[in-house]
Amino acid sequence: LKMAIRLFEGVEHSAGYAKFRPSYSPKIRDAIQGFLTNHNCELDCMVDVGCGSGQGTLYWSDSFKRCIGFDISSEQIKNANKILNEKKLANVEFKVSSADQIPMKGESCDLVTCAQAIHWLDAKAFYTEAKRILKSNGVLAVYGYSIPFFPDNEEATTVVSTFHNDTLKGYWNDNRRHIVNGYAEFHLPFPITERMVIQQDWPVPLSHFVKYIETWSAYITYRKMNPLGPPILEQMHKSLRESFNQESDDPVINCAFRVFLLLGLQTNNSLN
């Protein structure tokens, strides 16, 4: 088995993913770490599956003695290692691997994370592998973020939702529905679980936000299928700029996401 859907492997797409995708705020790490602490989990080794360019793996470098990020895309791992070389963190490493054959010993990990990726995986095979490598009292944390919105600008929110739902309709893979519904269809196979939603603010220059939209898989598909088609991204950019009605051509905009978080605790009973 491999990743169910492989959409983020091109050189250009991987580079854009590394540069323009949002990072998770400390609030997300605090929520996961609170769950770990409440269940007396160790902070020795964590594994990040479907790590992409490594944002979610590096996120944990201050908390765990060893952090390993795995992704099936060699281009994503190249970008992750490039960022790692700049940060010079000795306790982090990145490797190419599928989600159902993770090169870790059984019962060797305290935390397994999967950020903005489970909807592209064979979830059942991934759960089986996560249970294999987690220690008793280890935690699986699955999380992702919603379509962006603007808490203080309803018009801008409508521009982005229209672009996502209407302009790109037919270009999204069906698995994208899991992002839209906040991972409601996913249920972690552990006896102790928790689910929460956390709002994360992302103040960012408008030009950067548009570059982030450019990394959406549906836009990449649109561009491949319509190389001479209408400049839909430029049109959306123009509408967004007008909705903020500021003198600057590149204002800092108050963007936000809803981060949906699923947590599961491995117990002695769930090891089998």
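The largest pocket of this predicted model has a volume of about 220 Å³, where a pocket is an open set of points on a 1 Å grid over the protein atoms alone, with protein on both sides within 12 Å along at least five of seven lines, and lining residues have an atom within 4 Å of a point. Of the twelve residues in the lining, Ser-23, Gln-55, Leu-58, Tyr-59 and Lys-87 are the closest to the centre. Helix H3 and helix H4 are the elements that give two or more residues to this lining, and H3 supplies the largest share, three residues. By class, the lining holds five nonpolar, four polar and three charged residues.

Helices (H or I, at least four residues) and strands (E, at least two) are DSSP runs, numbered from the N terminus, and two strands pair if DSSP finds at least two bridges between them. Seven strands form an open sheet of mixed pairing, in the order S3-S2-S1-S4-S5-S7-S6, and each edge strand pairs on one side only.

| Edge strand | Residues |
|---|---|
| S3 | 92–96 |
| S6 | 192–205 |

Within the sheet, S4 (residues 109–115) and S5 (residues 134–145) run parallel and are joined by six bridges; Ala-115 has Tyr-143 of S5 as its bridge partner. Helix H2 (residues 26–38) packs on the sheet and touches S4, S5, S6 and S7, contact meaning heavy atoms within 4.5 Å.

Residues are numbered from 1 along each chain as its sequence is written. Local features need pLDDT of at least 70 and side-chain atom pairs count only at pLDDT 80 or more, while totals for chains, interfaces and linings use all residues, and side-chain values use heavy atoms, with hydrogens and water left out.

Technical notes:
Axes are lines fitted to C-alpha atoms, for helices over the stretch in contact, and angles run from 0 to 180 degrees between N-to-C directions. On a 1 Å grid over the protein atoms alone, a cavity is a set of points where a 1.4 Å probe fits but cannot get out, and a pocket is an open set with protein on both sides within 12 Å along at least five of seven lines; lining residues have an atom within 4 Å of a point. Grid points are joined across faces, edges and corners, and a volume is the space filled by probe spheres set on the points. Ala, Val, Leu, Ile, Met, Phe, Trp, Tyr, Cys and Pro count as nonpolar, Asp, Glu, Lys and Arg as charged, and the others, Gly among them, as polar.
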